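User: I'm new to this one and would like to go through it step by step. Could you take my questions as they come?

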Amino acid sequence: MGNVKVSVAFLLAAVFCQLLLLPSPTKDLTDDVNGLRVVITGASSGIGEELTYQLAAMGATIVITARTEYKLRQVANKCKDLYGADVFPIAADLASFENASLVVSEGLNKLGGMDLLILNHFGDVEFGGYQHDPLNFQNALVVNMMSHAHIASRSVQALSQSKGRIVAVSSAVGFLGSPFMITYATAKSALNGFFTSLRHELTFNQSDVSVTLCHLGYIDTKSAERIKDNLILKPSSKKNCASEIVKSSMNRMSEMYFPAYFSWVHVFKTLFPSVMERAVQLLYKNV
Ligand SMILES: NC(=O)c1ccc[n+]([C@@H]2O[C@H](COP(=O)([O-])OP(=O)(O)OC[C@H]3O[C@@H](n4cnc5c(N)ncnc54)[C@H](OP(=O)(O)O)[C@@H]3O)[C@@H](O)[C@H]2O)c1
């Protein structure tokens, strides 16, 4: 009986907390963003590119990075033409820790400090049935998780000085698991563990740096098209996704879910793991 009471109390508390997470009325964030010094990884396409446009439009100065230099230049030029914003491209392969360190030091030089770090890049993962290849697996973990930890660690001092913000872009598969993207899900799950724990340590060290972990569902970027034949879900808009990321970081939220119903999915996964596991499998087609 005691267990039932405790379970009901937790369920009610979960419902209450979820209601607090409902999207707040849209507020203009231009005053909050104007003048911020921002570093965005994975900004040559998809959500990172969209984040760059939205933050540039609101008056941020931005360092963007990815491997493909001409695409970064196109994004930077578009920001200059449309918004008069200063956006500095740094081409780097973040599979190398040395390059990741250089992105931070060059970024700090160009911006004269850092207020917001958005760790958004992902790459070098195969989608499809899992084929164990230890070297590919190791490389994927470096690109998709360890480079994020490395860049964040190298940036913490500058962010502490500015009472800044870290955003780590993760995925719902990090807490749900997923067929056909085991390496990716493993990296995202580790990313969740790292940034949740880093948030704890920053709090213990009385740091003012906030950490926002973004758990995204299926978003309409080109790279997500690779899994469209395996999924029966419809993708959500990358524009709305980017604006929710900006909003959650400005509000220093610990966790953000997009689409918002994924916060309920997370609760259900914790309360009813076997039911959620079956539900996840029903979303996939084995092509
Ligand atoms: N789209 C979705 O459905 C979805 C769902 C959940 C979570 N997410 C997350 O959202 C974030 C953005 O995803 P997206 O769909 O916008 O992907 P995307 O368009 O493929 O963007 C990935 C970015 O990472 C860069 N990148 C890849 N490998 C790199 C490397 N080795 N070093 C440096 N940069 C590298 C890419 O540029 P280069 O190729 O030029 O290097 C690109 O700018 C990712 O963290 C992803 O896991 C996306």
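User: Where is Val6 placed, and is it buried or exposed?

Analyst: In this predicted model, Val6 sits in helix α1, which spans residues 2–20. Val6 is exposed because 10 other C-beta atoms lie within 10 Å, and 12 or fewer is the count for exposed.

User: And how are Val6 and Leu216 separated?

Analyst: They are 210 residues apart along the chain, and their C-alpha atoms are separated by 31 Å.

User: Switching to the ligand, which residues come nearest?

Analyst: There are 29 residues around the ligand, and of these Gly42, Gly46, Arg67, Gly123 and Ser223 come nearest. By class, the shell around the ligand divides into 12 nonpolar, 12 polar and 5 charged residues.

User: Which element gives the most to that shell?

Analyst: That is α3, with 3 residues. Both α3 (46–57) and β5 (165–171) supply at least two residues each to the shell around the ligand.

User: OK, staying with α3, how does it lie against α4?

Analyst: The axes of α3 and helix α4, residues 69–83, come within 10 Å and cross at roughly 25 degrees. The two helices are therefore roughly parallel to each other, since angles under 35 degrees count that way. The crossing of α3 and α4 is right-handed. On the α3 side the contact is made by Glu49, Thr52, Tyr53, Ala56 and Ala57, and on the α4 side by Val75, Cys79 and Tyr83. Sorted by class, the contact of α3 with α4 has 6 nonpolar, 1 polar and 1 charged residues.

User: What about α3 and α9, at what angle do they pack?

Analyst: Helix α9 covers residues 238–250, and α3 packs with it at an angle of about 60 degrees, with the axes 9 Å apart. These two are therefore oblique to each other, and the crossing of α3 and α9 is right-handed. From α3, Gly46, Ile47, Glu50, Leu51, Gln54 and Leu55 meet Lys238, Lys239, Cys241, Ala242, Ser243, Ile245 and Val246 of α9. By class, that contact of α3 with α9 has 7 nonpolar, 3 polar and 3 charged residues. Gly46 of α3, which takes part in this contact, is also one of the residues that come nearest to the ligand.

User: Now α6 and α8, why are they called roughly parallel?

Analyst: Helix α6 (residues 134–161) and helix α8 (residues 182–204) pack at an angle of about 20 degrees, their axes being 9 Å apart. Angles under 35 degrees count as roughly parallel, so α6 and α8 are roughly parallel to each other. In passing α8, α6 makes a right-handed crossing. Among the residues in contact are Phe137, Leu141 and Met145 of α6, with Tyr184, Leu191 and Phe194 of α8. The contact of α6 with α8 has 12 nonpolar, 3 polar and no charged residues.

User: Last topic, the backbone: what is the phi of Asp124?

Analyst: Phi of Asp124 is near 60 degrees, a positive value in a residue other than glycine. Asp124 lies in the loop between β4 (116–119) and α6, and it counts as partly exposed because it has 17 C-beta neighbours inside 10 Å. Lys163, which is not a glycine, has a positive phi of about 50 degrees. Lys163 is in the loop between α6 and β5, and with 12 C-beta neighbours inside 10 Å it counts as exposed.

User: And is the peptide bond from Phe258 to Pro259 cis or trans?

Analyst: That bond is cis, with omega near -10 degrees, and Pro259 is in the loop between β7 (255–258) and α10 (262–271).

Methods. Residues are numbered from 1 along each chain as its sequence is written. This is a predicted model: local features need pLDDT of at least 70, side-chain atom pairs count only at pLDDT 80 or more; totals for chains, interfaces and linings use all residues. Axes are lines fitted to C-alpha atoms, for helices over the stretch in contact, and angles run from 0 to 180 degrees between N-to-C directions. Helices (H or I, at least four residues) and strands (E, at least two) are DSSP runs, numbered from the N terminus. Angles under 35 degrees count as roughly parallel, over 145 as roughly antiparallel, 65 to 115 as roughly perpendicular and the rest as oblique. A crossing is left-handed if the near helix is turned anticlockwise from the far one by less than a right angle, and right-handed if clockwise. Two residues are in contact if their C-beta atoms, placed from the backbone, lie within 7 Å. Ala, Val, Leu, Ile, Met, Phe, Trp, Tyr, Cys and Pro count as nonpolar, Asp, Glu, Lys and Arg as charged, and the others, Gly among them, as polar. A residue is near a molecule or strand if its C-beta atom, placed from the backbone, lies within 6 Å of it. A residue is buried if 20 or more other C-beta atoms lie within 10 Å of its own, exposed if 12 or fewer, and partly exposed in between; C-beta atoms are placed from the backbone.
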